[in-house]
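Subject: The structure for you to look through

Hi there,

Here is the structure I promised to pass on. Open it next to this email and follow along as you read.

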Amino acid sequence: MAVDPVTGTTDTASTGGIYSTLPTRQPKQTLDSDAFMQLLVTQLRNQDPSSPMDTNQMISQTTQLSMMEKLTSMDSTNTENFALQMRIAAANLVGHTVSYLDKDGVSQTGLASSVSYAGAVPVVTIGDQKIPLDSISGVVSPTTTPPATTPPATTPPATPPATPTTPPTT
């Protein structure tokens, strides 16, 4: 039976077509913990009994598996943290005037009235426009006049304490 090395399908001419209905397996493009464990078990099964695997090498491979799982967990946590930061940033824009680029690439400003978290990137509603958070270029400072300041109350100057005088001695 001939096997096509590129697609993994069998040659139906030599087998009479009996395997042509089996689905082809798509190869994994990444090495995850399941694949790593399968490789380790296969290596243990096929090792030479007169020359078993070095225990240091096995411990090293197990440590590598553990480190890979921790890195994968950290990557997942970082992705979740970034998504949370985007949600917080979008929520903080509500009630503020923001600037953004419209569909034509022209800078616009408007009041952010609400946020939607339906997609991967939060969408901020500005007027009747739905603007993705990554299209917002900044928060516009309000153009209100500063509040009037009242001059501090004036207090009369403090009077210096009276200096005692001593009566003349006679």
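**What I found**

Let's start at Ser 66, which sits in helix α3, the stretch covering residues 55–93. Keep in mind that this is a predicted model. Ser 66 counts as partly exposed because its relative accessibility is 36%, between the 20% and 50% cut-offs. Now look for Ser 33: it is 33 residues away from Ser 66 along the chain, yet their C-alpha atoms are separated by 8.6 Å.

Time to zoom out. The protein has 3 helices and 5 strands, and along the sequence they come in the order α-α-α-β-β-β-β-β. Of its 170 residues, 13% are buried. The protein exposes about 13,800 Å², with carbon and sulfur atoms supplying 59% of that area. As for contacts between residues at least 6 apart in sequence, 37% of them join residues at least 24 apart.

Next, find helix α2, residues 33–45. This helix has 13 residues and reaches 18 Å from its first C-alpha to its last, close to the 18 Å expected at 1.5 Å a residue. Which residues of α2 are buried? They are Ala 35, Phe 36 and Leu 40. Looking down the axis of α2, you'll see these buried residues fall within an arc of 135°, so they line one face of the helix. What do they pack against? The buried residues of α2 pack against α3.

Is Gln 61 buried or exposed? With 16% relative accessibility, Gln 61 counts as buried, because that is under the 20% cut-off. Leaving out residues up to four places away in sequence, Gln 61 touches Phe 36, Leu 40, Gln 43 and Met 53. Two of those names, Phe 36 and Leu 40, are also on the list of buried residues of α2.

In soluble globular proteins, nonpolar side chains tend to be buried together. Here, the largest nonpolar core has 11 residues in all: Met 86, Ala 90, Leu 93, Val 98, Tyr 100, Ala 112, Val 124, Ile 126, Ile 131, Leu 133 and Ile 136. At least two residues of this core come from each of α3, β1 (97–101) and β3. Which element gives the most to it? That's α3, with 3 residues.

Not counting residues up to four places away in sequence, Leu 93 touches Val 98, Ala 112, Val 124, Leu 133, Ile 136 and Val 139.

**One more stop: Thr 125**

Last, go to strand β3, residues 123–126, where you'll find Thr 125. Thr 125 counts as buried because its relative accessibility is 10%, under the 20% cut-off. Its side chain and the side chain of Lys 130 are joined by a polar contact of 3.2 Å. Besides Lys 130, Thr 125 touches Leu 111, Ala 112, Ser 113 and Ser 114, again not counting residues up to four places away in sequence. You have already met Ala 112, as one of the residues in the largest nonpolar core.

Methods. Residues numbered from 1 in each chain as written. Predicted model: local features only at pLDDT ≥ 70, side-chain atom pairs only at ≥ 80, totals over all residues. Heavy atoms only, no water. Helix = DSSP H or I, 4+ residues; strand = E, 2+ residues; numbered from the N terminus. Buried < 20%, exposed > 50% of the residue type's maximum accessible area, 1.4 Å probe, protein only. Contact = heavy atoms within 4.5 Å. Areas by Shrake-Rupley, 256 points an atom, 1.4 Å probe, with all protein chains shown as cover. Polar contact = N/O pair within 3.5 Å; in protein donor to acceptor, adjacent residues only side chain to side chain. Expected span 1.5 Å × (residues − 1). Arc of directions from axis to C-beta. Core = buried A, V, L, I, M, F, W, Y, C linked by side-chain atoms within 4.5 Å.
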